[in-house]
Amino acid sequence: MVQTVEYDVVVVGSGPAGSTTARVAAERGLRVLLVDRRQELGSPIQCSGAVSDNALNEAGVRPNDEFVSTPIYGFVTYDTHGNATTMDYRLYRETPLGYVVDRRRFDRYLMTMAERAGVEVWLKTDAKGYTPHEDGTVDVHLNRFGFPQQVRTRVIVGADGLQSQVGKWGGLRTHIKLSELASCLQLVIDHVETDGLLEIVAGHEWAPGGYAWLFPKGHGYAEVGLGVIRTITDKDARWHLDHFMQNSFMAERLKNCRILEVQGGGVPLAAPLKKQVADNIILVGDAARHVNPITGGGIHTALRGGIIAGTFLGDFIPTGERPTAEALTCYHERWLDELGHAMWKLYEIKTDIFREQSIPRRDQRLYDTLASYFSPHSEFRKV
Amino acid sequence: MPKRPPVVFYVNWNACIKCGACIGVCPHEAGFTTPFDTIAVDTPCDIACMACEKICPVTAITSRLATEAEIAAMS
Ligand SMILES: Cc1cc2nc3c(=O)[nH]c(=O)nc-3n(C[C@H](O)[C@H](O)[C@H](O)COP(=O)(O)OP(=O)(O)OC[C@H]3O[C@@H](n4cnc5c(N)ncnc54)[C@H](O)[C@@H]3O)c2cc1C
Ligand code: SF4
């Protein structure tokens with residue numbers, strides 16, 4: 001039987017973007033439904049989980065044993081040959097700069113915060129489409145535990161990640177070019193020592209179009225992975241990761257490692273969407289390509305985007321105004337002011353680096369950019 | 001550019017790590033997906049850009065030309 005119920009907002013996807021949007025909207029008194037098709041949030045993991053303390057703080061999330069795998073105190077950036085720039089913030093401060101989180105626990109924790117703020121959460125619920133009504137509301141078509149269900153709402157928030165279909169429902173141009181989506185693979189490994197620092201390797205030889213990483217994961221584990229751009233290599237990410245682990249300057253360090261988990265995904269190193277709203281629809285997080293195009297980090301931007309979206313909805317819904325694309329553009333403008341303009345600037349820097357045809361010069365520029373990005377003086381530290 | 005002939009994708013479920021990258025790069029309208037977070041495998045793709053095959057980090061996707069019957073069933 002198809003039932004109809006009413007909400008102010010239906011959020012599709014309970015990653016960091018969706019659960020934060022939902023929580024903030026509920027804290028502002030809205031009736032919010034948050035749906036996710038998964039049975040266990042964050043799983044299968046498609047993320048390394050590095051997030052700054054500052055990002056958690058801004059989102060009102062205190063670091064908690066439930067989701068923190070290990071604290072992080074700085075960065076090491078390597079060039080192709082292993083020459084390194086180290087920024088160990090333990091020289092300046094005692095508290096961690098950030099954390100590597102377990103996304104299975106982190107996403108559940110954020111969802112629980114939303115649920116405690118009054119959000120109704122439905123797992124195993126796939127959002128399939130919507131039908132608009134004359135009065136400016138829409139019916140969202142859901143499939144919950146395999147059964148069709150409809151909910152009436154005013155605004156749908158597409159927080160459905162990289163695979164976003166919600167934007168496509170609204171006719172938005174969400175397509176990412178192959179040249180701007182990094183194909184990533186990572187392994188959780190045992191028997192490799194790390195020292196509280198995120199280690200990042202630039203260089204076409206190891207990760208054409210992207211970079212390789214070695215992150216501490218706590219409990220004596222680490223994550224090793226990389227992202228590549230497939231328009232500039234014939235080999236897949238798995239081949240490149242093998243090549244890196246066997247032949248790079250890290251080979252000796254990695255040679256006895258044991259593989260505990262295999263994870264992967266796509267990271268948009270693209271510009272944010274030029275249009276992030278349609279009638280009754282706003283997009284946030286990976287769905288709107290809110291990802292840092294230099295580092296590929298998207299947790300911070302998803303949390304920030306969620307706060308901006310939730311706050312906007314808290315202001316907008318009580319006005320009773322019809323949620324047309326034009327009225328919702330105000331969300332996009334706020335996002336640009338608070339975060340988006342800086343992301344566009346990063347996109348231009350990244351595009352400029354990859355316009356460089358000479359591989360040694362491009363490698364050098366990427367290395368310099370990454371090394372300075374993580375310095376205490378970087379203008380982008382808060383993106 | 002001449003239009004490429006429609007193809008049908010095959011996903012090797014043993015290799016697939018359910019990462020969703022193939023859907024992220026797919027230029028189709030909404031819904032060209034499977035319930036397992038990959039691009040559709042039960043219907044021909046008439047764009048045939050092959051971006052999904054390329055983005056896959058573990059080369060789980062392969063393809064074959066669609067048959068006349070499959071193409072006829074699309075419209
Ligand atoms: C290999 C890899 C490593 C990364 N490492 C980092 C890192 O170290 N630090 C960092 O900051 N970022 C990292 N990222 C990026 C980061 O993972 C993403 O930017 C972030 O998860 C985006 O959050 P989100 O909430 O927008 O989307 P997601 O976390 O993708 O959440 C989307 C949710 O929507 C649900 N969903 C989708 N469609 C539907 C539907 N139709 N109905 C119901 N539910 C639906 C999904 O099940 C999912 O739970 C990495 C990415 C990859 C691929
Ligand atoms: S890109 Fe490959 S591994 Fe990822 S979901 Fe698609 S088929 Fe599976």
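This is a predicted model: local features need pLDDT of at least 70, side-chain atom pairs count only at pLDDT 80 or more; totals for chains, interfaces and linings use all residues.
Q: Which side chain meets Glu66(A) in a salt bridge?
A: That's Arg108(A), at 3.2 Å from N to O. Glu66(A) lies in the loop between helix H2 (53-58) and strand S5 (68-72) of chain A, and Arg108(A) in helix H3 (residues 103-116) of chain A, so the pair ties together parts 42 residues apart in sequence. Helices (H or I, at least four residues) and strands (E, at least two) are DSSP runs, numbered from the N terminus.

Q: How do I read the sheet, and what is its strand order?
A: Strands of a sheet pair through backbone hydrogen bonds, either parallel or antiparallel. Two strands count as paired if DSSP finds at least two bridges between them. Here, an open sheet of 6 strands in chain A runs S9-S3-S2-S13-S20-S19, with mixed pairing. Its edges are strand S9 (120-122) and strand S19 (277-278) of chain A, each pairing on one side only.

Q: In what sense do S2 and S13 of chain A pair?
A: Parallel, over 4 bridges, with S2 at residues 9-12 and S13 at residues 155-158. Val10(A), for instance, has Ile156(A) in S13(A) as its bridge partner.

Q: What about the interface: how many residues of chain A are in contact with chain B?
A: Contact means heavy atoms within 4.5 Å. On that basis, 29 residues of chain A touch 24 residues of chain B. Buried area is the accessible area (1.4 Å probe) that two parts lose on being put together, summed over both. Between chain A and chain B that's about 1,900 Å², with carbon and sulfur atoms giving 56%. Gln163(A), Lys168(A) and Leu178(A) supply 25% of the area that chain A buries against chain B, more than any other three residues.

Q: Which residue forms a salt bridge with Asp37(B)?
A: Look for Arg37(A): the closest N and O atoms are 2.3 Å apart. The count between chain A and chain B is 1 salt bridge.

Notes. Residues are numbered from 1 along each chain as its sequence is written. Chains are lettered from A and ligands numbered from 1 in the order in which they are written. Side-chain values use heavy atoms; hydrogens and water are left out. A salt bridge is a side-chain nitrogen of Lys or Arg within 4 Å of a carboxyl oxygen of Asp or Glu.
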